[in-house]
Amino acid sequence: MKNKKIVLLGGKGLSTNIVFNALQKAFGVTLVIIEEKERTSIFIKRRIRRLGLFKVLGQISFEIFIAKPLKFVSKKRRSEIIIENDLDTTEIPLNVQKNVKSINSEETIELLKNINPDLIVVNGTRIISKKVLSRVSCKIINTHAGITPKYRGVHGMYWALANHDKENSGVTVHFVDEGIDTGNIIYQRQVLPTMADNFSTYPLLQLAEGIEILLQAVNSYFNESIIVEKNYAQSNLWYHPTMWTYIYNRITKGVK
């Protein structure tokens with residue numbers, strides 16, 4: 001299986017390092033295409049058009065006054081999760097990296113055409129465009145921090161806990177299609193927090209479990225033993241919480 005060509009499409013950061021090192025150890029990775037972070041101003045303008053100014057201001061307030069402080073005070077817990085789950089955070093070697101402005105650029109398409117990978121794995125990029133999907137000849141697999149289709153979008157574990165829906169607190173590995181986290185499901189696994197966890201550590205818990213089922217999915221794919229599931233359950237798209245939504249859930253439901 002080491003002769004199979006795997007390409008990782010990722011955003012720069014800790015989670016992509018972890019995914020790369022796990023894939024590299026198990027199967028080998030031919031190339032990592034790293035996408036530049038989108039300018040904050042562009043992201044905010046698009047989000048305002050979609051959700052409205054009031055809600056976006058609440059999301060920005062949450063990020064500044066709650067999410068960032070939570071991340072700071074959770075450094076010890078985050079380190080514990082990394083150590084307990086043997087997650088390798090080593091930086092991706094430069095000789096297997098290629099930086100692009102957007103995962104949906106012509107440069108990305110040309111790189112993929114030249115490599116002709118057997119499988120593409122995605123981690124932390126923008127939504128992959130129809131143009132890219134139509135011009136690659138292999139399957140694309142994504143690890144989503146939530147149980148799809150009920151918790152598509154972002155922070156699926158947080159929203160499941162806030163909805164008293166522990167059964168659907170978890171992580172999904174699925175094929176990528178033209179929708180947002182709507183592709184056929186390969187594997188899912190429940191993930192529950194400890195008393196020491198909070199909004200900042202939930203994604204790392206999900207990643208630790210997600211790595212395991214991602215490796216299983218890649219192995220099953222190459223062994224042609226993969227079984228996909230078309231899930232027709234309730235489907236919702238979730239966004240970042242606002243500051244007041246988080247405070248309400250923290251006080252009334254105990255969700256950190």
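E106 is partly exposed, with a relative accessible area of 39%, where buried means under 20%, exposed over 50% and partly exposed in between (1.4 Å probe, protein chains only). K131 is likewise assigned as partly exposed, at 37%. The side chains of K131 and E106 meet in a salt bridge of 3.6 Å, N to O; the term denotes a side-chain nitrogen of Lys or Arg within 4 Å of a carboxyl oxygen of Asp or Glu. The pair joins distant parts of the chain, with K131 in helix α6 (residues 130–135) and E106 in helix α5 (residues 106–115), 25 residues apart. Helices (H or I, at least four residues) and strands (E, at least two) are DSSP runs, numbered from the N terminus.

The model is a predicted one, in which local features need pLDDT of at least 70 and side-chain atom pairs count only at pLDDT 80 or more, while totals for chains, interfaces and linings use all residues. Residues are numbered from 1 along each chain as its sequence is written, and side-chain values use heavy atoms, with hydrogens and water left out.

## Other salt bridges

The structure holds 13 salt bridges. One of them joins R77 and D197, at 2.7 Å from N to O. R77 belongs to helix α4 (residues 75–84) and D197 to the loop between β8 (185–190) and α8 (202–222), 120 residues apart. R77 is buried, with a relative accessible area of 12%, and D197 also counts as buried, at 1%. R77, E80, E84 and D197 are linked in a network of salt bridges.

E209 pairs with R189, the closest N and O atoms being 2.9 Å apart. E209 is partly exposed at 24% relative accessibility, as is R189 at 22%.

## Packing of helix α3

The axes of helix α2 (residues 40–51) and helix α3 (residues 53–73) come within 7 Å and cross at roughly 130°. Axes are lines fitted to C-alpha atoms, for helices over the stretch in contact, and angles run from 0 to 180 degrees between N-to-C directions. The two helices are therefore oblique to each other (angles under 35 degrees count as roughly parallel, over 145 as roughly antiparallel, 65 to 115 as roughly perpendicular and the rest as oblique). I44, R47, I48 and L51 in α2 meet L53, K55, V56, Q59 and I60 in α3, contact meaning heavy atoms within 4.5 Å. This contact has six nonpolar, one polar and two charged residues. Ala, Val, Leu, Ile, Met, Phe, Trp, Tyr, Cys and Pro count as nonpolar, Asp, Glu, Lys and Arg as charged, and the others, Gly among them, as polar.

The axes of α3 and helix α9 (residues 243–253) come within 6 Å and cross at roughly 55°, which makes α3 oblique to α9. On the α3 side the contact is made by F54, L57, G58, S61, F62, F65, I66 and L70, and on the α9 side by M243, W244, Y246 and I247. These residues divide into 10 nonpolar, two polar and no charged.

## Aromatic pairs

Rings of Phe, Tyr and Trp (its six-membered ring) pair if their centres lie within 6.5 Å; planes under 30 degrees apart count as stacked, over 60 as edge-to-face and the rest as tilted. By this rule the count comes to 10 aromatic pairs. Y158 and Y246 form a stacked pair, 6.0 Å centre to centre with 20° between the planes. Y158 lies in helix α7 (residues 156–162) and Y246 in helix α9, 88 residues apart. Y158 is buried at 1% relative accessible area, and Y246 is buried at 7%. Ring pairs link F62, Y151, Y158, W159, F199, W238 and Y246 into a cluster.
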